Amino acid sequence: MKPLRTYAVLNNLASSLINPFISFFTASYGITGVLLAIVSSANTTFPGVVQFILAKIFIKAKRIVEVGEFLTGLLWLLIGSLAVFNSIFVILYVVITVCFGVANFGWLLILDKVSETRRGRILAYYSFYATIGGFIATLITGFIVRDNLYMMRYFFVISGLIYIINSFIISKSDVDVEYKGGKITLTRNSEIKKLFVITFIFTFIWSMAWPLFPLAQVYKFHMNELQIAIIELISGISTLSLQRVIGRLVDKSKRLVMFLGRLGLATFPLSYGLATSVYQIYLAYIISGFTNSASISYTAFLFDNSSYNEKRVNIALYNMITGISAFSGSIFSSFLLGILLTRMNLIMAVNLMLISIGILRIISSLLYLKINETVKR
């Protein structure tokens, strides 16, 4: 089990050195509109699509984690070494998210195997160790880079090296899963189907804010990377303090955690839309510990309410639905912003959209109360 814990820590370390800054970095280099929408949603969209494809083929979980991690590292090394900071960066980042999706699918299969007895607590355990590897790394990046965005190239290289090292670490694990794949068939579980529909609706609304956050950070609050790192630090500390508590709560009531986790996400667009200083944004991110920790409830619900043959397909379908919805919502938001910009300035348009999205998040989160916690078959 030790290599799995080390893998979780290093994977989040590599990710946290750069991922929290990607959308901000892209917007700061003047990449906006549809390209910014693609970057903002890529980490959700493309892993979901590739995982749906993987659900149809024979897989050795450990092997695809190795390959996905290695290719992710190689591409970050390429971006950092060549300082690719233009529209080509968007294309390479999309490919990276595909590789991440490959590795993440294998990791989910491994987590399913090691968490069969106590879903919430064991998933929270690995999430806890992953978070430890992350929030300090984010603070270091922000402290060093600050306003000198060109410095990010060195962190792209460091992150790439960690991903490559991690691909060898996971190969030493004695836990593996062989998944046969096969024909994709829809689940017969009505509650899983309900979750899919609700997920599509909520994620569409959720993702509409994603291209707007970096615009608000750059043009409304004039943030630098240290301030982005402070946001991530607050989020990380809050997550660490709540993860295990939420893990126990998930074991008692997944539906409640799913609802509250989504309801809490309304805090962020409302804070960006209404706040007048970055300190108010810092305060809002205290709640992110709960919303981040609540994410394990959706995975746990899928694991516990799927038969053995349906489980991998349901994971893949859930991730693909989330991805398609996120991409659609993010692109729709960028087009809607373009229309508003013909009638008002950027700050007014961003504020109006963020406040509206916050209200829609509150309304759509109520849908999760419609889900019943069914007995595992």
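In the predicted model, Arg63 forms a salt bridge with Glu66, the closest N and O atoms being separated by 3.4 Å. Both residues belong to helix H4, which covers residues 61-82, and they are placed three residues apart, about one turn of the helix.

The structure holds two salt bridges, and another is formed by Lys194 with Glu191, for which the closest N and O atoms are 3.4 Å apart. Lys194 and Glu191 are both located in helix H9, again three residues apart, about one turn of the helix. Glu191 counts as buried at 7% relative accessibility, while Lys194, at 28%, counts as partly exposed.

The patch has an area of about 470 Å² and is made by Val49, Ile53, Val197, Phe200, Ile201 and Ile324. Helix H9 gives the most to the patch, with three residues. Val49, a member of the patch that is found in helix H3, is partly exposed, with a relative accessible area of 32%. This value is over the 30% required of a patch residue.

With regard to the overall architecture, the protein chain has 18 helices and two strands. The radius of gyration of the chain is 20 Å, close to the 21 Å that the globule rule gives for 377 residues, so the chain is as compact as a globular protein of that length. The C-alpha trace spans about 55 × 45 × 35 Å along its principal axes, and 58% of the 377 residues count as buried. The accessible surface of the protein chain comes to about 15,600 Å², and carbon and sulfur atoms account for 67% of that surface. Among contacts between residues at least 6 apart in sequence, 88% join residues at least 24 apart.

The largest nonpolar core holds 84 residues, of which Trp76, Phe89, Phe156, Met223, Tyr272 and Tyr368 touch the most other members. Helix H17, formed by residues 308-340, gives the most to this core, with nine residues. A second, separate core of 21 residues includes Leu54, Ala61, Leu111 and Val177. For Tyr368, when residues up to four places away in sequence are not counted, the residues touched are Leu195, Ile198, Thr199, Phe202, Arg255, Met258, Phe259, Arg262 and Tyr298.

Thr141, placed in helix H7 (residues 135-145), is buried, with a relative accessible area of 0%. Leaving aside neighbours within four places in sequence, Thr141 is in contact with Leu17, Phe21, Arg146, Met152, Phe155 and Glu225. In the case of Glu225, the separation from Thr141 is 84 residues in sequence, but 7.7 Å in space when taken from C-alpha to C-alpha.

Gly236, which is found in helix H11 (residues 225-252), is likewise buried, with a relative accessible area of 7%. The C-alpha atoms of Gly236 and Thr138 are separated by 9.5 Å, although the two residues are 98 residues apart along the chain. Ser293, in helix H15 (residues 288-293), has a relative accessible area of 3% and is therefore buried. The residues that Ser293 touches, not counting those up to four places away in sequence, are Thr239, Leu242, Gln243 and Ile246.

Note on methods:
Residues numbered from 1 in each chain as written. Predicted model: local features only at pLDDT ≥ 70, side-chain atom pairs only at ≥ 80, totals over all residues. Heavy atoms only, no water. Patch = residues over 30% accessible without salt bridge, like charges linked within 9 Å, V, L, I, M, F, W, Y side chains within 5 Å. Areas by Shrake-Rupley, 256 points an atom, 1.4 Å probe, with all protein chains shown as cover. Salt bridge = Lys/Arg side-chain N within 4 Å of Asp/Glu carboxyl O. Helix = DSSP H or I, 4+ residues; strand = E, 2+ residues; numbered from the N terminus. Buried < 20%, exposed > 50% of the residue type's maximum accessible area, 1.4 Å probe, protein only. Rg over C-alpha atoms; globule rule 2.2 N^0.38 Å. Contact = heavy atoms within 4.5 Å. Core = buried A, V, L, I, M, F, W, Y, C linked by side-chain atoms within 4.5 Å.
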